[in-house]
Amino acid sequence: MKVIACLGRKGGSGKTMTSHLLAHGLSKGYGLPVNVVMTDVREETPMNFHPDRSYFLSSITNKDVKSDLAALDRIFVQTQKIPESVLIIDGGANRANVDRAFAQLADFIMIPVACGEEDVKVAEADFWGLVQSMKDNNATGDVCVIRNRWPGSGRGQERLLNKGYIKSFLAKGDRTGMFFPDFIPDMPSLLDMANANDPKTTPLIDAVACRFAEVVARKVGIDLPERQKLVHYPPAADVRALEAAKREPIAVNTEAA
C-alpha cells in the first residue's frame with residue numbers, strides 16, 4: 001500500500017480537489033483500489049460510495065490529534081489488507097500539528113498552492129515545516145509543492161510571472177527542488193468530483209486525471225498496470241437533445257377510437 005497526503009494550512013488551496021483528481025485517475029484509469037480519507041470539518045460530506053465514483057471515501061471525526069490519528073490508523077490497517085491499494089489523505093486547513101502527524105504515515109506529501117501572495121507564503125512555510133518535521137521523526141516520505149490553478153499560457157501567465165513574489169518563489173523552488181513536476185489545470189468542473197454525491201466526469205477530466213496519476217505514480221514508485229479502456233461519452237449535443245426530449249410532455253390522443 002502507498003500513502004499519499006495532500007496537506008497545507010491554507011484553506012481553498014485545492015487539497016480536496018487534488019485528492020479526488022488523483023483518486024479518480026488511479027482508480028478509473030488504472031483500476032487500483034483507492035480510499036480517500038476526508039479529514040476536514042464539513043457540514044455535508046459526499047456519500048461513501050456512489051456508482052459514478054470509482055474509488056471509496058472514508059472520513060474521521062476531526063476532534064483532536066489523538067482521536068484523528070487513532071481513526072486514521074484503523075483506516076490505514078483496513079486499507080493495507082487490500083493488495084496494491086492507495087490511501088489518500090485529504091488534509092484540512094490551519095491544522096499544522098495534525099498535518100505533521102499525518103505526514104509521518106505518508107510516502108509522499110503534496111502541498112497544493114494557488115498563485116496569490118498569501119498562498120505562496122503559507123505553502124513555502126508549510127513545505128519547510130513538514131520537511132523539518134519529517135527529518136526530526138526519521139520519516140522517509142518526500143514533500144513537494146504542487147501549483148494548482150496557475151495560468152498555463154497567455155497574458156495571465158505573463159502577468160503572473162512578472163510579479164516579484166512569484167519570481168522569488170519560483171527561483172527558490174527551482175533551487176531547492178520544492179516543486180512537483182506537474183501542474184493542476186484551472187478547471188472548475190474538477191470540483192464536482194470532490195463535492196457532489198453524483199460526481200460528473202467527462203473525457204477531458206478523465207484524461208487530466210490519468211495523466212496526473214501517471215506522474216504521481218512515477219514519483220511514488222507505483223507500478224501502474226495497463227491503462228483501462230475508458231468509457232466513451234456521448235456528444236454534448238446528443239445529451240442535450242435527450243434531456244430536452246425527457247422534458248417534453250407526452251401527447252395524449254383524445255379522439256374516440
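I started at phenylalanine 127, which is buried, with a relative accessible area of 5%. Buried means under 20% relative accessible area, exposed over 50%, partly exposed in between, with a 1.4 Å probe and protein chains only. This is a predicted model: local features need pLDDT of at least 70, side-chain atom pairs count only at pLDDT 80 or more, and totals for chains, interfaces and linings use all residues. Residues are numbered from 1 along each chain as its sequence is written, and side-chain values use heavy atoms, with hydrogens and water left out.

Next I checked tryptophan 128. Tryptophan 128 is partly exposed, at a relative accessible area of 40%.

I then looked up ring pairs. Rings of Phe, Tyr and Trp (its six-membered ring) pair if their centres lie within 6.5 Å; planes under 30 degrees apart count as stacked, over 60 as edge-to-face and the rest as tilted. I found five aromatic pairs in the structure. Phenylalanine 127 and tryptophan 128 have ring centres 4.8 Å apart and planes at 80°, so they sit edge-to-face. For phenylalanine 169 and phenylalanine 179 I read 5.1 Å between centres and 80° between planes, so this pair is edge-to-face. Phenylalanine 169 is in helix α6 (residues 164-176) and phenylalanine 179 in strand β7 (residues 179-184), 10 residues apart. Helices (H or I, at least four residues) and strands (E, at least two) are DSSP runs, numbered from the N terminus.

Last, I looked at helix α1 (residues 15-30). All 16 of its 16 residues are buried. Glycine 31 follows α1 with a positive phi, near 70°.
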